[in-house]
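Trainee: Could you walk me through this structure step by step? I would like to learn how to read its sheets.

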Amino acid sequence: MLASVTNVVIKDRRGRNPPKAGALQNAVLGCAAIASIATDEEGIIQIFSAGAQRMLGYTEAEVANRRTPADLSDPLEAVERARALSLEFASAIAPGFEALAFKASRGIEDRYELTWIRKDGSRLAAVVSVTALRDARGELIGYLMIATDNTAQEGFRLMVESVTDCGIVQLDAQGRVLSWNAGAQIIDGYGAREIVGQPFSSFYSGPDVELGVPQRDLDAAAATGRYETEGWRLRKDGSTYRASVVLTSIHDQAGVLRGFARLTRDLSRDMSEPKPRAVEGLESPGPASLPPAASGVTRRSLLYVEDHAASLGLVEQLAARRTGLLVLRAANVDLGIDLARSARPEVILLNIDLPGTNALQFMKLLRADPATQDTPLLALGANAAPDALTKALEGGFFHYLTKPLKPEAFAQALDDALEFAALERAEQGDRAFTRAHRQ
């Protein structure tokens, strides 16, 4: 099987000149910058290149004829991909290798982002292309996966997601939302799972949509490359805000329009929020709360330090039952610290099982900062033993929740933490008021 798959790779990609094909094969399989993985029709790994060994830490002997690429990837991503493909193709698609190779098996070009789990347990963001391998009769005999390291791009994406003072959103060529950062959540009120895939017109009022303003703005950006405008935009809760919006068109090397980037700032927040009186010697109690929703309910936020999309989606669904509660996401503890200090969420939920996570160090950094020293922290862990609960509470966590996350337990812990946060912030305001009047 190894020989036949190798031969198909050669014939499919450069079959006209066998000597050159052999050189190409050796170059691909020996390249340390590219992970090449060939499987049989069932997904069992047959070839595991030098680049794959370098990236993932396994030898070929450890995986060949033993494992599938799905065994080496984030299982929750496979579940999410299977769910999305099942909806797209109206067919039940199982998580695992079937989800990774489904499109390729049907002759559809497939390129997507994937998180590999290395042998040492660390994670590697990659871009993967999958091609079906067929024999001379057209029979499927396997798959070829080509993966490149996407760590730098992933780091940039996480940095964009953590920005809170402006909304940074990517749109496709038709104006549908492709990505969503923390700033956009705060400004527009939508969680990522609610708005991704929805049209750009979702941010405009009914009259503006009827007048064709959203499409006019996109057309202007497509024609000029950059279009800047200012006007009233619509939040999820129906309230409006004055927005400064910059739309930038994105084209490929051939000049074909591929999408847009939308940068939004909330100008009405600066205009509508009362400015504190300057009192000499008064210490600021910290940033103001998020602007109130249309109903008058104060916006509150929950920061979830988590890198699994499926887990994030569950928490977003549970949090959506509360009026005015936004879920902010940090995919690792470093971004979690930065976002906790800049966004000042009322509550923080930490997945203490994240690779490389030191929960106590995370807490120590937050407690050392006056801006976050009183923020209640909820721990989420897989260890349900009583001593794990005791250790978490003794370490300073407000609650310890176990996986899989139970909606009732999460709701109760969140209610308790939000109540505690409200009391703490009220006391901070009282202390600031007292200090001001002692001057």
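Trainee: Which order do the strands have in the open sheet that contains β1?

Mentor: Happy to start there! Strands here are DSSP runs of E with at least two residues, while helices are runs of H or I with at least four, numbered from the N terminus. Two strands pair if DSSP finds at least two bridges between them. In this open sheet of 5 strands the pairing is antiparallel, and the order is β2-β1-β5-β4-β3.

Trainee: Before we go on, what kind of model is this?

Mentor: Residues are numbered from 1 along each chain as its sequence is written, and side-chain values use heavy atoms, with hydrogens and water left out. Local features need pLDDT of at least 70 and side-chain atom pairs count only at pLDDT 80 or more, while totals for chains, interfaces and linings use all residues, since this is a predicted model.

Trainee: Which residue in β4 stands opposite Thr-115?

Mentor: Start with the pairing of β3 and β4 (residues 123-134), which is antiparallel and runs over 8 bridges. In β4, the residue opposite Thr-115 is Ala-125.

Trainee: At about what angle does helix α6 run to β4?

Mentor: Axes are lines fitted to C-alpha atoms, for helices over the stretch in contact (heavy atoms within 4.5 Å). Angles run from 0 to 180 degrees between N-to-C directions. Helix α6 (residues 97-105) lies across β1 (34-40), β3, β4 and β5 (140-149), and its angle to β4 is about 45 degrees.

Trainee: What is the strand order in the open sheet that contains β10?

Mentor: This open sheet has 5 strands with antiparallel pairing. Its edge strands, each pairing on one side only, are β7 (177-179) and β8 (226-234), and the twist averages 35 degrees from one strand to the next. The order is β7-β6-β10-β9-β8.

Trainee: How many bridges join β9 to β10?

Mentor: On one side, β6 (residues 167-172) is joined to β10 (residues 257-266) by 6 bridges, running antiparallel; Leu-171, for example, stands opposite Phe-260. The antiparallel strands β9 and β10 are joined by bridges numbering 9.

Trainee: Is Arg-262 buried or exposed?

Mentor: Arg-262 lies in strand β10, where it is the bridge partner of Val-169. Buried means under 20% relative accessible area, exposed over 50%, and partly exposed in between (1.4 Å probe, protein chains only). Because its relative accessible area is 2%, Arg-262 is buried.

Trainee: Which residue's side chain makes a polar contact with that of Arg-262?

Mentor: A polar contact is a pair of N or O atoms within 3.5 Å; within protein, one must be able to donate a hydrogen and the other to accept it, and residues adjacent in sequence count only if both atoms are side-chain atoms. At 3.2 Å, the side-chain partner of Arg-262 is Thr-264.
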